[in-house]
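Keep the sequence at hand as you read.

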Amino acid sequence: MEHFDILHRCFRCGYCKLPSNYSDLNCPSYLNFRFETYSPGGRMWLLRAWLEGEIKTSPRFAEILYSCATCGNCVEHCVFPKFKDDILKALIEGRERLVETGAVPPAVRDYFKSIHLYGNPYKLPEADRAKWTDGLDLESYSEQEYLLYVGCVGSYGERGQKSARAVAALLKTMKISFGILGSEERCDGNELKSMGEKGLFELIAEENIRKYKKLGVKKIVTLSPHSYHAFKNEYPLLGADFEVVHYSQLAARTIRKIGFKRSEVPVTVTFHDPCYLGRHNKEYEAARKILGALPGVQLKEMDRSGKDALCCGGGGGNVFTDILGAGPHSPARVRAREAAGTGAQILAVACPGCSRMLDDAVKAESLQDNLQVMDLAELVATRLAPE
Amino acid sequence: MNETYSELAGIVGERYVSNEPEEKFIYSRDQGTMEPCDPDFVVMPDSTEEVRQIVLLANRKGIPIVPMGGGLVLSGLSRPLKGGVVLDMKRMNRILQVNETSRYAIVEAGASQGMLQAYLKKHHPSLKHSVPDAPPIATVGGNVLIHGSGHLSHAAGFHSEMLNGMEAVLPTGEVVRLGSCATSPYWFSRAPLPDLAGLFLGWTGTTGVVTKLAIRLYPNRPFNDVGVFVVEDPEIVPDILHRVTGVGLAEDISAWMTPKPDWAEGFIHINVNYSADSKDELGWKKNLIRAPLRKYMDEKTGGFMMLPLPMKKPFLEAPASQLTRFADVRKGGGFEYVGAIMPIELFPEAHQMGLDIAERCGTTYSTGARIIGMGHCMMFFFAYPFNRADPSDVKRAGTALEQTNRGALDMGGIPWKAEAPAQKQILQRMDENTRELMSRVRRMLDPKGIMNPGNWEVD
């Protein structure tokens, strides 16, 4: 294992469990489970012990490895320079080893099977991928400036489809030249990569790269920060050279040119930074620029925002595997309570995975009468001037 | 064993009890050199009542209980030397009350230093507590109970001296309140009642489980500065410390000696941290602190370093994250130190011992001291990072630690938060009647010997 030699170097000092101001637990799995084993340091020590045969493969060990949401809080807050950059890489490599043994948790195995058999985690036909576009009159990709990529969650998920439709509408409003692949779109594989299924990820990625190149794709705009991350950081290692933007970045460039209603009912909004846009790719400003341009919107930040944002718990495949669970200490429910605590009426998000996780959490917390989860694109749509 | 598991699960919920190999592995060890000892169970209570029920169960069944805070003591004190239950207290992390007028906070025993620090900053910005240089996930309770020290220790002594009172579960299951809170709704001090808090301070969890504490808070002044006085001759350090502590204006005074970075080699650096409510006040304090050291500046045997702001920043940080980073100097993730409590006149001797042991053990010296109270004593530390993946390096560090413990005792100091073997060294040199009193107190409080057995025991 390439990262074996760094595992023992984790001192388990615990900075990785916290945000910058130390105010609360900020590692989603540690927050939820509370045993030291579920902290980044505990996981590293266990991984080394497992590789050295000191502990055996077990369902508990597999759960511990897969309870990490790959949110990157540990990388952000570890105080050991250079070493910190390898924390998540080592974990993912550990997962790859576990995949080789066939001992992954059942939910992870099911996820892999679904992608292998159906090409998506929803076990739905590829032909249904374009259903989210019904009634939208979107162009198929044919050398427009951008390929709009919505991914599995945007294509199939009930909540994700709403976000995808809102993003497509926003791109139209901004007069962006874009096309979609519809039923020809395929999974981006980001979750496979983070879950240690490197082989299947590479197969999918290479196929996507071939297809996009053949179609003449130069620029990709994504609905999901997870897709954005895969295309921007993982695909180039396999030969891709596309220019990749998240839709919020594209919108932030032109938001001031959009015609909004002159007067609008004031509303307080808090923004949840998605991990794969924020900590993984250091994009914290685009969403705030958009919110700042919307009439009547007052932004109220949560205590933990930007690089300190508490993950919704959906990363690393957890949005599908649900290994973190949905109890009162699940990160999504803690986050929903934190958002409600700001007094905001709207919890704005920029990730279809976060939308789903936080939507469910708001309902579980019975907060839906006071707090509405909205994708940024959906929020922008409520402020547009009539044509 | 299954029956005990079920009973524990019945108390805290199945989610918060484990006897799985993964938890047994992690909770059997810490970052230091002590050998692992497996627990039978790891349990995470959420309330005093849950702690009480666990203690009653353990008492009935004769199962050892080992309370654990942040797990950062480094000297293996929360390893279950005789198996049993490790009681991870970190679910009990609530900040229960801050009394702004009388300057104290009541917290549950598992509340972290960082959480209290952030809470005060947000809700009571005029107040702060004494932050140790342990990482911020370390618990307030754990540090108080081991006689820790921190960034206000020059001004106010050991953290155990900043304790106003506590709630504890006795080894026989009774819940007691000690300090003013035993009699009054206020947790304002340990006086004027007979001071029973000492039954739990420095005992490393061998006398009961502390569940709540009240600690003193102090003014958080907006203007902060640090001066670093540098000398080469260790013999003059006690007088320097005596002079600067005599001014009585610093919040924290600490010395550090290390060959890295290169410019630091061969010198003794004494950091003097102070704060003020205005820039003018900060200037006055600076002058007052410097005045008694004029003699050494005139003799050119000592002087204050010119410190550009970027260099000052890490010295003003609480906790000092650079100290945590030191743990990885050998790229090995292992770190332990002997922190010996001793009078400040022993500084030269301790400094020389640090150099000698480092040379003998083939490692670089890294020593320092935090001054406690107005120079009443100091915690002199001898730090040994090591490579956890290299058994010979672990052994080397273990040897250095053992020699250091013995050396500290020989010169009249006492190892702080001592490892179980070092506790035995201390007990062997302890006044016989005191040792017997300790045993008698333990037998009286803990007739079944369930509390952290193997610690503070004379074979």
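Predicted model: local features only at pLDDT ≥ 70, side-chain atom pairs only at ≥ 80, totals over all residues.

In α4(A), the buried residues are A:F61, A:A62, A:E63, A:I64, A:L65 and A:Y66. Helix α4 (residues 59-66) of chain A has 8 residues and 6 of them are buried, so the rest of the structure largely encloses it. The cover over these buried residues comes from both chains: it includes α3 (40-51), α6 (87-101), α7 (106-118) and α15 (318-321) of chain A, together with α2 (21-26) of chain B.

**Helix packing around α9(A)**

Two packed helices are described by the angle between their axes and the distance between the axes. Helix α9 (residues 158-173) of chain A packs against helix α18 (residues 376-383) of chain A and against helix α17 (residues 352-364) of chain A. The table sets out both pairs.

| Helix pair | Angle between axes | Axis distance | Crossing |
|---|---|---|---|
| α9(A) and α18(A) | roughly 55° | within 8 Å | left-handed |
| α9(A) and α17(A) | about 130° | 9 Å | right-handed |

With axes crossing at roughly 55°, α9(A) is oblique to α18(A). On the α9(A) side, A:K162, A:S163, A:A166, A:V167, A:A169 and A:L170 meet A:A377, A:E378, A:V380 and A:A381 of α18(A). By class, this contact has 7 nonpolar, 1 polar and 2 charged residues.

For the other pair, the angle of about 130° means that α9(A) and α17(A) are likewise oblique to each other. Here A:R159, A:G160 and A:S163 of α9(A) meet A:P352, A:S355, A:R356 and A:D359 of α17(A). The contact of α9(A) with α17(A) is made up of 1 nonpolar, 3 polar and 3 charged residues. If you select A:S163, you will find it in the contact with α18(A) and in the contact with α17(A).

**Strands in chain B**

Moving to chain B, which strands stand at the edges of the open sheet? The sheet has 4 strands in the order β1-β2-β4-β3, with mixed pairing. Its edges are β1 (17-18) and β3 (65-68) of chain B; each has a single partner strand, so one side of each is left without a neighbour in the sheet. The partner of β1(B) is strand β2 (residues 41-43) of chain B, joined to it in the antiparallel sense by 2 bridges. In that pairing, B:S18 has B:V42 as its bridge partner. Helix α3 (residues 48-61) of chain B lies across β2, β3 and β4 (85-88) of chain B and runs at about 170° to β4(B).

B:V226 is bridged to B:N273 in β14(B). β12(B) also pairs with strand β15 (residues 302-304) of chain B, again antiparallel, over 3 bridges. There, B:F229 stands opposite B:F304.

**Where the chains meet**

How many residues does each chain bring to the contact? Chain B gives 34 residues and chain A gives 32 residues. On the chain B side, α2, α4 (113-123), α11 (321-325) and β16 (333-342) each supply at least two residues. By class, the side of chain B that touches chain A has 15 nonpolar, 10 polar and 9 charged residues.

Note on methods
Residues numbered from 1 in each chain as written. Chains lettered and ligands numbered in written order. Pairing = 2+ DSSP bridges. Buried ≥ 20, exposed ≤ 12 C-beta atoms within 10 Å, placed from the backbone. Contact = placed C-beta atoms within 7 Å. Axes fitted to C-alpha atoms, helices over the stretch in contact; angles between N-to-C directions. Parallel < 35°, antiparallel > 145°, perpendicular 65-115°, else oblique. Left-handed = near helix turned anticlockwise from the far one by under 90°. Nonpolar A, V, L, I, M, F, W, Y, C, P; charged D, E, K, R; others polar.
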